[in-house]
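Hello,

Here is the structure I promised to pass on to you. Please open it first, and then read my notes below alongside it.

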Amino acid sequence: MASTAVTTFIVFIAVLFLLVNSSAAHYIPCSESLIKIAQEKNISHCKKLTTLGAEFGWEVSKHNESQVDILIGTRLNNAEMVWLAWGVNPEDKPQMVGTRAIIGIRQLNGSVGANTYNITGDTKLGCKLQPSEIDVNVTRMKLDYATSLDYLTLHATIVLPSMYNISRLNHVWQVGYDAQGAEPSMHPTALQNVDSTETIDLRNGLAQHVGELEGRLRKIHGVLNIIGWGTFLPAGVIIARYFPYPLTLGSYRLFATFIFTFTTLQMLALHLKPRKTDEYRKYWNMYHHFLGYALLAVISVNIFHGIDILRPDHSWKWAYVGILGVFAVIAIALEIYTWAKFLTEDKKSKTVKPGSGSGSGSGGTAATETQTTTS
């Protein structure tokens with residue numbers, strides 16, 4: 001029995017590992033509309049990005065690999081989109097904090113303009129984002145709205161410092177729906193917005209999308225919740241409650257009822273999850289975490305209690321102890337990794353870099369170009 005349980009557990013983990021690591025680099029060509037716009041700007045490479053309906057075009061200079069013409073665009077589909085952004089990040093992975101961005105803003109009066117911005121940890125906390133100098137040389141910034149195609153596009157020529165590698169370039173894109181002058185307001189926090197990053201090889205266009213991996217993890221999490229919480233758990237409660245056993249199941253039913261009730265509350269709480277900016281978010285986190293850990297403890301007690309009632313051979317109990325031990329080791333290792341990663345990123349975000357502030361005034365020395373809407 002023990003060997004069967006361990007084998008099943010190993011196979012289960014192996015299947016999940018394959019699912020998580022099955023994401024591959026991919027290249028999906030742009031739509032005909034953006035290809036047409038790209039050709040007008042002498043850009044020959046163009047691919048669809050994985051989120052926000054965005055498409056990305058680029059052309060690496062034949063004389064200088066660090067010089068790249070970039071084009072990013074998205075169809076509005078009658079959406080009141082106000083700003084469009086693209087940027088690069090020299091850190092180890094693509095993420096918003098640390099991005100050197102180009103943001104084009106479309107004003108209510110129809111005029112459009114583009115500036116450079118440094119995205120810092122303060123930006124993520126909701127501080128105002130103002131134009132500022134960045135360590136990437138940017139020229140010919142231009143935001144256009146193609147009326148006939150209903151496309152908003154942002155085009156620029158960039159020269160990357162030596163810290164960037166065009167064969168492994170972390171880039172980020174984003175859209176927003178409000179701005180105050182040259183200050184774009186916070187974008188939505190839907191998964192499409194959060195996952196709008198990838199690492200791309202500009203030589204062949206292949207990319208690894210971080211959000212794709214996270215998306216697979218969410219799907220695995222959802223499937224396991226449906227199978228565990230939504231199927232096996234209710235079935236266990238129904239069997240224990242309505243089908244008689246020649247055993248004493250009083251406390252077992254009590255545990256099962258507790259688990260079923262509070263698991264239901266845990267799932268319903270997800271629909272009431274506050275935004276990160278809400279003041280009571282920390283209390284929701286405390287409740288969610290405490291109830292989750294309490295459920296894990298009661299579930300384990302319930303399983304041991306059920307084994308005692310059934311009185312099988314000792315291999316059942318030792319097999320479950322082994323499973324708990326494996327999960328404990330994995331959890332401890334991941335917790336150590338998470339804290340080490342958090343402390344490292346927190347230290348980086350507190351490091352003041354030249355020109356990495358949120359800017360001041362109406363843009364300082366940030367380059368600005370204003371264009372009129374094109375048809």
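Arg140 counts as partly exposed, because its relative accessibility is 47%, which falls between the 20% and 50% cut-offs. Please keep in mind that this is a predicted model, so every value here is computed from it. Arg140 belongs to strand β7, which covers residues 137-146.

You will find Leu52 in the loop between β1 (45-48) and β2 (54-60). Is Leu52 buried or exposed? Leu52 counts as buried, because its relative accessibility is 17% and the cut-off for buried is under 20%.

Now to the aromatic rings. The structure contains three aromatic pairs. One of them is formed by Phe56 and Trp86, which are stacked, with 5.6 Å from centre to centre and 15° between the planes. This pair connects distant parts of the chain: Phe56 is in strand β2 and Trp86 in strand β4 (residues 83-89), 30 residues apart. Phe56 has a relative accessible area of 1% and is therefore buried; Trp86, at 3%, is buried as well.

A further pair is made by Phe304 and Tyr320. Their ring centres are 5.3 Å apart and their planes stand at 70°, so this pair is edge-to-face. Here, too, distant parts of the chain are linked, with Phe304 in helix α7 (residues 281-310) and Tyr320 in helix α8 (residues 315-350), 16 residues apart.

Finally, have a look at Arg106 and Tyr145. The charged end of Arg106 sits over the ring of Tyr145, at 5.2 Å from the ring centre.

Notes. Residues numbered from 1 in each chain as written. Predicted model: local features only at pLDDT ≥ 70, side-chain atom pairs only at ≥ 80, totals over all residues. Heavy atoms only, no water. Helix = DSSP H or I, 4+ residues; strand = E, 2+ residues; numbered from the N terminus. Buried < 20%, exposed > 50% of the residue type's maximum accessible area, 1.4 Å probe, protein only. Phe/Tyr/Trp six-rings, centres within 6.5 Å; stacked < 30°, edge-to-face > 60°. Lys NZ or Arg CZ within 6 Å of the ring centre and 35° of its normal.
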